[in-house]
Structure formats: structure tokens, C-alpha cells
Amino acid sequence: VYVQDVLLNNAAVIYDELINKGGHFYVCGDVSMAHDVTMTLTTILQEQAKIDEKSASDLVTKLRDSNRIHEDIFGVGVRRPGEVAERPKDQSLRALQYLNATSKPSKPDTVKEKAVPITPTKRKSVSKPRAPMKNIFVKQRISPEAKPS
């Protein structure tokens, strides 16, 4: 049984939770599996919403852009400049294209500052704490007349 089969068997629930109730969709695994799951999700959206494939694909992209589809995928191969990606809709390939691009698109929600490494500060030599000179665990006798200080 593949993830895609489970998704298709629960298509109505997935559509209701993701679209009608504003749910999130998480994919974790190999890049080829993630691509197949994304294609299955596109099929589910197409069938449940009764829209064409292009509209369903655009809806998946819109859900990704609004951070409602989350992907943690591995197995991405590095391509040489000029090679054509086989699956341009795949999140990992879009990320690779973004990293290889000479100019980066700016979005209002992206951080516009460059990361600056934190320089280490000189640490003062820290000595071990010393034991107290008197026993601080001995109860002090307090008479009822004495006022606490």
C-alpha cells in the first residue's frame, strides 16, 4: 500500500479538511514519493472541486505559497547549469532553481536582511563555585518575640 493509495481512498476527507476547514498538508520522504503525493493531491483537488488539471495545479501552488502544504523531502540531485528539470512543479526542484538563480525574487514576507555570523566573545575564566563557609542548612531558632529581618 502506497501513500497515494491511502490519499485516494480518503479523498473526500482530505479535500474537506484541507480546503473547507483550512487544514495543512505535510509530506515527508523521498523526492520521487513527494512528487507522486503532490500529483495525487492535484488529482484529489481536481476530482473533488470538479476543476481542470491546470486549476488544481495552481491551487496546490497557492496552498504552498500560503504555507499550508509543508514538505520535508530528501534525495535531491544537483543539476548542472543548463540542464532542464524533469518536474518543475516539485518543491525541491523549485528550491534548487531558486538557489541557482542569479537574481532572487522578493516577496513581502521574506526576510530582507543578510545573515551575519555571530562572532564569539572572549569568555572570562570561570572558577568553580566555592562551598559556603558555614552550614546554611542548619535551622535558625526563631523565638516568637523576634521579628524577622
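## Overall make-up

Contact here means heavy atoms within 4.5 Å. In this predicted model, residues 24 or more positions apart account for 58% of the contacts with a separation of 6 or more. The protein has five helices and two strands, in the order α-α-β-α-α-β-α along the sequence. Helices (H or I, at least four residues) and strands (E, at least two) are DSSP runs numbered from the N terminus.

Of the 149 residues, 22% are buried; buried stands for under 20% relative accessible area, exposed for over 50%, and partly exposed for what lies in between (1.4 Å probe, protein chains only). The accessible surface comes to about 12700 Å², and carbon and sulfur atoms hold 56% of that surface. Areas were computed by the Shrake-Rupley method with a 1.4 Å probe, and for residues only the protein chains shown count as cover.

## Basis of the values

Residues are numbered from 1 along each chain as its sequence is written, and side-chain values use heavy atoms, with hydrogens and water left out. As the model is predicted, local features need pLDDT of at least 70 and side-chain atom pairs count only at pLDDT 80 or more, while totals for chains, interfaces and linings use all residues.

## Helix H2

Helix H2 (residues 11-20) has Ala11, Ile14, Tyr15 and Leu18 buried. These residues lie on the same side of H2 because they cover an arc of only 95° around the axis, the arc being that of the directions from the helix axis to the C-beta atoms. Val13 and Asn20, on the other side of H2, are exposed.

The cover over the buried residues of H2 includes helix H1 (3-9), strand S1 (25-30), H3 and H4. After H2 comes Gly22, with a positive phi near 70°.

## Packing of H3 and H4

Helix H3 (residues 31-49) packs against helix H4 (residues 53-65) at an angle of about 120°, and their axes are 8 Å apart. Axes are lines fitted to C-alpha atoms, for helices over the stretch in contact, and angles run from 0 to 180 degrees between N-to-C directions.

From H3, the residues that meet H4 are Thr38, Leu41, Thr42, Leu45 and Gln46; their partners in H4 are Glu53, Ala56, Ser57, Leu59, Val60, Leu63 and Arg64.

Most residues other than glycine have a negative phi. Lys50, in the loop between H3 and H4, has a positive phi of about 55°, and is exposed at 73% relative accessibility. Asn67, in the loop between H4 and strand S2 (69-74), has a positive phi of about 60°. Asn67 is partly exposed, with a relative accessible area of 47%.
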